[in-house]
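Subject: Structure handover

Hi,

Here is the structure I promised to pass on to you. Have a look at it first, and then read on for what turned up in it.

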Amino acid sequence: MKQTEQYYKRYEALKQARAPWLNTWKELSTYLAPTRGVFDGERPNAAKRVDHKTLLDSSASLAVGVLGAGMMSGLTSPSRSWFDLTLHHRYLKQLPGVSAWLLEVKKTLESALAKSNLYSVLQGMYEEVSVFGTAAFLVEEDPQGGIFCRPFTAGEYVLDVDEKGRVNTFGREFVMTAQQLASSFGAENLPPQIRAELTRPNAGSVYNVIHLIFPNPQADPHWADFTHFAYKSVYFMPDGTLLREGGYHEFPVVAVRWETKNTSQIYGRGPGWKVLGDVKMLQKMQKTKLVALDKSTNPPVMVSAGVQGEVNLLPGGITRCNSLTDGAVKPAYQVQPDVSSLDDAMEQVRHTIRSHFFADVFLMLSSQDVSNRTAAEVAERRQEKMLLLGPVFQRLKTELLDPLIERTYFILLRQGILPPAPEYLEGLELEVQYISTIAQAQRAAAVEPLLQGLELAARVAEQNPAVAGQLNYARALQEGLESLGVDTVLLHREDIQ
């Protein structure tokens, strides 16, 4: 019980550290992601009410959706390869069987990712991190083989970081029925009052359960039991009942922050934080426009004292009046809204919101006229736009892609699904190269200075032919092909020195 009390205090401390972020998250949920976020005791599985009196313009939510779809297709598309495996030393790939083994491992990883629910989780994760600045999901071992992902939403979980700013602690509180508790943790581990409820049919009470994952102070890789795994996992109830203890070899939670200002900041800030004021202004402008239109089409009226009964404001309606010397019913004042100017101002705000969410980048080909451009010009323009995502890509590579691939690899390795490595590769680390559309755009930026260098060398060689022998053109070609994402297997190995 004493140990469980320490777990509970740790969880409460993490909640206190999260508390200053909740008010902003609630506003972000209201204005940008009305179906996301769990706050003020809401249950994650309960229907979330959308406040349509506040959310009158859906432009911001649409921009969030465009970013999520764009990141999905540009970074982790399920329809094409988005990563490759290699070794640190290039010459190792030329050893017999290495290339075939690397390809088989890659295909196995891709198959496991495709069979799981990962890609449906990633779509929501990209939207979540862009709005709230932080997103997280759990990567578990599937008992039937492969992996299974459990997504979370803002307000549902707490995090903590190590001294290097890497997320290493996760906690969440959720509810379960008595039957669910017995099925998950065993009836023998439940308190007496919950065991008694198991005997009553149609019992609908729910109970709070806390799950905490944190670095294991007793970690020792030389021991095989879970008490010495790198991370400890505990399920317990607020009353002190310990339901289960376990562990993980790797940190199982993929926690992504859009940007952080220092290594001690636990939660991140994303585009949603920057455009919240613009979104509020847009909603107010939309409301002003609707009120103005309503007043112009159905203006407030002044009614003469001689009017008999109710004023009929329907088309063709008749209102009887004792005297027609003055208008029986007339507008109280004239409303002539400048709707065009208001629409222009709103469109400027929408453009700002779309820019923060990179919607113009992902919709570039459909939003601009390319009829008079060559394919090369369009490709170059697209690459320039993609370079704007450079800082975002580096962050997602570190906190999303690398942990995801590493976690999946070791799960499959422990399950015996991966092919055995050649003996001469034992102990060597694999390197992951990302070949998605966004990743290739970042790498292709290195081609331009390479071409400029070769052009300069050619000009110098015109004056001094001996300079041409100083350059390794085969190596330059290899570097250029790798930057463009083209497999260098096309080259003759003996030509590269």
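Predicted model: local features only at pLDDT ≥ 70, side-chain atom pairs only at ≥ 80, totals over all residues.

The crossing between α7 and α8 is left-handed. These two helices, α7 covering residues 271–297 and α8 covering residues 339–356, pack at an angle of about 160°, and their axes are 9 Å apart. An angle over 145 degrees counts as roughly antiparallel, and α7 and α8 are therefore roughly antiparallel to each other. On the α7 side, the contact is made by Pro-271, Lys-274, Val-275, Asp-278, Val-279, Met-281, Leu-282, Met-285, Gln-286, Lys-289 and Leu-293. Facing them from α8 are Val-339, Leu-342, Asp-343, Ala-345, Met-346, Val-349, Arg-350, Thr-352, Ile-353 and His-356. Sorted by class, the contact of α7 with α8 comprises 13 nonpolar, 3 polar and 5 charged residues.

Now to the overall picture. The protein has 497 residues, of which 41% count as buried. It contains 15 helices and 12 strands. If you take the contacts between residues at least 6 apart in sequence, 68% of them join residues at least 24 apart.

What sits in the interior? The largest nonpolar core has 98 residues, and Leu-32 and Phe-137 are the ones with the most contacts inside it. Helix α12 (residues 390–414) gives the most to this core, contributing 10 residues. There is also a second, separate core of 13 residues, with Phe-174, Tyr-207, Met-237 and Leu-243 among them.

Helix α12 also packs against α4, at an angle of about 165° and with the axes 14 Å apart. The two helices, α4 and α12, are therefore roughly antiparallel to each other, and α4 passes α12 in a right-handed crossing. Here Leu-118, Leu-122, Met-125 and Tyr-126 of α4 meet Leu-396, Leu-400 and Leu-404 of α12. By class, this contact of α4 with α12 has 7 nonpolar residues, no polar and no charged ones.

Helix α4 (residues 118–132) has another partner in α2 (residues 59–75): they pack at an angle of about 130°, with axes 8 Å apart. That makes α2 and α4 oblique to each other, and α2 passes α4 in a right-handed crossing. From α2, the contact draws on Val-64, Gly-65, Leu-67, Gly-68, Ala-69, Met-71, Met-72 and Leu-75. From α4 come Tyr-119, Leu-122, Gln-123, Tyr-126, Glu-127, Ser-130 and Val-131. The contact of α2 with α4 divides by class into 10 nonpolar, 4 polar and 1 charged residues.

Ser-130, in helix α4, is one to look at. Is Ser-130 buried or exposed? Its relative accessible area is 0%, so Ser-130 is buried, the cut-off being under 20%. Leaving out residues up to four places away in sequence, Ser-130 touches Val-64, Leu-67, Trp-258, Gly-270, Pro-271, Gly-272 and Phe-357.

Phe-358 is found in the loop between α8 and α9. Phi of Phe-358 is near 60°, a positive value in a residue other than glycine. Phe-358 is also buried, with a relative accessible area of 14%.

Lys-2 lies in helix α1 (residues 2–31) and is exposed, with a relative accessible area of 65%. The C-alpha atoms of Lys-2 and Gly-240 are separated by 8.3 Å, although the two residues are 238 residues apart along the chain. Ala-114 has its place in helix α3 (residues 98–115) and is exposed as well, its relative accessible area being 52%.

Best wishes

How values were computed. Residues numbered from 1 in each chain as written. Heavy atoms only, no water. Axes fitted to C-alpha atoms, helices over the stretch in contact; angles between N-to-C directions. Helix = DSSP H or I, 4+ residues; strand = E, 2+ residues; numbered from the N terminus. Parallel < 35°, antiparallel > 145°, perpendicular 65-115°, else oblique. Left-handed = near helix turned anticlockwise from the far one by under 90°. Contact = heavy atoms within 4.5 Å. Nonpolar A, V, L, I, M, F, W, Y, C, P; charged D, E, K, R; others polar. Core = buried A, V, L, I, M, F, W, Y, C linked by side-chain atoms within 4.5 Å. Buried < 20%, exposed > 50% of the residue type's maximum accessible area, 1.4 Å probe, protein only.
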